[in-house]
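Dear colleague,

I am handing over the structure that follows, together with notes on what was found in it. Please read the notes with the structure open beside them.

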Amino acid sequence: MNTPQRLPYYTLSPEAYNGFAETKKALSKSSLGKALIELVWLRTSQINGCAFCLEMHAKALRADGESAARLDSLAGWRVSELFSKRERSALAWTESLTHVDKTHAPDEDYAPLEAYFSEAEISDLTFAIALMSAFNRLAIGMRQ
């Protein structure tokens, strides 16, 4: 079903939207790296069911050389051997925060991050997940 866009939120609320864009720009400088951030954004968008964001982040990952096998198995990363321990800890945190209403971000999802990420990277990762969740809600809510 192709539903018309409800409101052009990016032009109606330009200062708020630009704040999100500035956060995205700041994250592009993170030592997490573009590939991990895009992977996390794709997984967040899978969970939230944002078709617009799914297409955008899968396309970005493919353009940067991400394998079809990893993209195809991202939703099943827990049982796939294609993801590193570092990526697994980031993806677990992604799922925990994206489902925060159910998980309440427990220590067992947070603690593994400390083995693979600096405090600044954990903060950046958390911002990346929060930002994509916000973008997903805008795109879904306004039918982008």
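A search of the whole structure finds 6 aromatic pairs, where rings of Phe, Tyr and Trp (its six-membered ring) pair if their centres lie within 6.5 Å, and where planes under 30 degrees apart count as stacked, over 60 as edge-to-face and the rest as tilted. One of these joins Y17 and F135, whose ring centres are 6.1 Å apart and whose planes stand at 65°, so the pair is edge-to-face. Because Y17 lies in helix α2 and F135 in helix α10, this pair ties together parts that are 118 residues apart in sequence. Helices are DSSP runs (H or I, at least four residues) numbered from the N terminus.

Please keep in mind that this is a predicted model, in which local features need pLDDT of at least 70 and side-chain atom pairs count only at pLDDT 80 or more, while totals for chains, interfaces and linings use all residues. Residues are numbered from 1 along each chain as its sequence is written, and side-chain values use heavy atoms, with hydrogens and water left out.

As to burial, buried means under 20% relative accessible area, exposed over 50%, and partly exposed in between (1.4 Å probe, protein chains only). By that scale F135 is buried, with a relative accessible area of 12%, whereas Y17 counts as partly exposed at 29%. A second aromatic pair, W93 with Y110, is also edge-to-face, at 5.4 Å centre to centre and 70° between the planes. Since W93 lies in helix α6 and Y110 in helix α8, the pair ties together parts that are 17 residues apart in sequence. W93 is buried, with a relative accessible area of 6%, and Y110 is partly exposed at 30%.

Helix α3 (residues 34–48) has 15 residues and reaches 21 Å from its first C-alpha to its last, close to the 21 Å expected at 1.5 Å a residue, the expected span being 1.5 Å times one less than the number of residues. Of the 15 residues in α3, 11 are buried, among them V40, W41 and N48, and the buried residues pack against α2, α4, α5, α6 and α10, with contact meaning heavy atoms within 4.5 Å. After α3 comes G49, whose phi is positive, near 70°.

Helix α6, with 14 residues, reaches 20 Å from its first C-alpha to its last, close to the 20 Å expected, and 11 of its 14 residues are buried. The buried residues of α6 pack against α3, α5, α7, α8, α9 and α10.

What, then, lies in the largest nonpolar core, and which of its residues touch the most other members? A nonpolar core is a set of buried Ala, Val, Leu, Ile, Met, Phe, Trp, Tyr and Cys residues joined through side-chain atoms within 4.5 Å. The largest has 22 residues, of which V40, W41, F117 and L125 touch the most other members. Helices α3, α6 and α10 each supply at least two residues of this core, and α10 gives the largest share, 8 residues. Apart from this core lies another, of 10 residues, including L39, L42, W77 and L91.

Finally, E114 lies in helix α9 and counts as exposed, at 53% relative accessibility.

With kind regards
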